[in-house]
Amino acid sequence: GDSVTQMEGPVTLSEEAFLTINCTYTATGYPSLFWYVQYPGEGLQLLLKATKADDKGSNKGFEATYRKETTSFHLEKGSVQVSDSAVYFCALSDRDNTGKLIFGQGTTLQVKP
Amino acid sequence: NAGVTQTPKFQVLKTGQSMTLQCAQDMNHNSMYWYRQDPGMGLRLIYYSASEGTTDKGEVPNGYNVSRLNKREFSLRLESAAPSQTSVYFCASSENEGRSYNSPLHFGNGTRLTVT
């Protein structure tokens with residue numbers, strides 16, 4: 001079945017460092033890809049998405065490019081802030097009209113001042 | 001804008017007890033979902049309702065039942081709680097008007113359930 005694999009955390013960075021969180025997927029069709037963020041004590045919030053190959057999703061300085069040839073959707077940010085500390089989830093949505101998402105295991109990011 | 005509202009926020013049950021987790025959304029969304037979140041395992045889908053009047057099993061449905069009461073409400077019931085059901089439960093909804101690939105999920109803040 002479809003699946004999503006993320007790099008294990010926690011990832012610890014200093015403020016203003018460059019961030020990469022790796023995400024690869026396995027899917028039989030042509031899924032849409034998402035990154036969600038979860039702040040402590042809260043539910044998940046959509047960070048960005050890409051619906052077809054070579055699309056780049058971006059939001060709040062974060063970017064991810066849908067790479068069909070490498071089945072990847074890595075999350076990047078050029079300069080992280082302490083406020084970016086959270087858990088990040090990569091997810092895919094199959095085009096079966098149910099809207100359900102399959103999530104990776106999540107990667108915890110800690111940014112130190 | 002309340003979005004997705006879950007109740008209760010916290011619950012402690014003894015093994016064998018039953019309870020219902022409530023979820024309501026005010027965004028007129030078609031589809032609703034129940035996920036559980038466990039450390040190191042991400043979110044796993046328990047049940048979902050692609051549209052009012054339909055429900056389907058997700059990845060981990062055993063020990064749970066659901067009811068799509070109306071378009072707004074989607075409840076999750078544990079008939080006989082077990083320690084393995086200790087988890088954080090999230091309800092979510094999406095617009096999903098036939099273009100599921102373009103519909104993000106909107107999540108509630110979760111219910112933290114402990115079964116002793």
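**A close look at strand β9 of chain B**

Reply: Let's start with a pairing: β9(B) and strand β10 (residues 106-107) of chain B run antiparallel and are joined by two bridges. Keep in mind as we go that this is a predicted model. At one spot in that pairing, B:S93 sits opposite B:H106 of β10(B).

β9(B) has other partners too. Strand β4 (residues 31-37) of chain B is linked to β9(B) by seven bridges, again antiparallel. If you want a place to look, find B:Y33, which stands across from B:A92 in β9(B). Then there is strand β11 (residues 111-115) of chain B, antiparallel to β9(B) with three bridges. Here B:Y89 has B:T111 of β11(B) as its bridge partner.

Now, is the strand buried or exposed? Eight of the eight residues of β9(B), which covers residues 87-94, are buried, so the strand is largely enclosed by the rest of the structure. For β9(B), both faces are covered. One side has B:S87, B:Y89, B:C91 and B:S93, the other has B:V88, B:F90, B:A92 and B:S94, and all of them are buried.

So what does the covering?

Take B:Q6 first, which belongs to strand β1 of chain B. Its relative accessible area is 6%, and below 20% counts as buried, so B:Q6 is buried.

Next comes B:H29, in the loop between β3 (19-25) and β4 of chain B. B:H29 is buried as well, with a relative accessible area of 7%. Its side chain and that of B:S93 are joined by a polar contact of 2.8 Å. Leaving out residues up to four places away in sequence, the residues B:H29 touches include B:S93, B:S94 and B:H106. Remember that B:H106 is also the residue opposite B:S93 in β10(B).

The contact between the chains takes 24 residues from chain B and 24 residues from chain A. The area buried between them is about 1800 Å², with carbon and sulfur atoms giving 55% of it. There are zero salt bridges between chain B and chain A, while four residue pairs are in polar contact across the interface. On the side of chain B that touches chain A, β4 and β5 (43-49) each supply at least two residues. The largest share, four residues, comes from β4(B). By class, that side of chain B has 12 nonpolar, 11 polar and one charged residues.

Key
Residues numbered from 1 in each chain as written. Chains lettered and ligands numbered in written order. Predicted model: local features only at pLDDT ≥ 70, side-chain atom pairs only at ≥ 80, totals over all residues. Heavy atoms only, no water. Buried < 20%, exposed > 50% of the residue type's maximum accessible area, 1.4 Å probe, protein only. Pairing = 2+ DSSP bridges. Contact = heavy atoms within 4.5 Å. Buried area = accessible area lost by both parts, 1.4 Å probe. Salt bridge = Lys/Arg side-chain N within 4 Å of Asp/Glu carboxyl O. Polar contact = N/O pair within 3.5 Å; in protein donor to acceptor, adjacent residues only side chain to side chain. Nonpolar A, V, L, I, M, F, W, Y, C, P; charged D, E, K, R; others polar.
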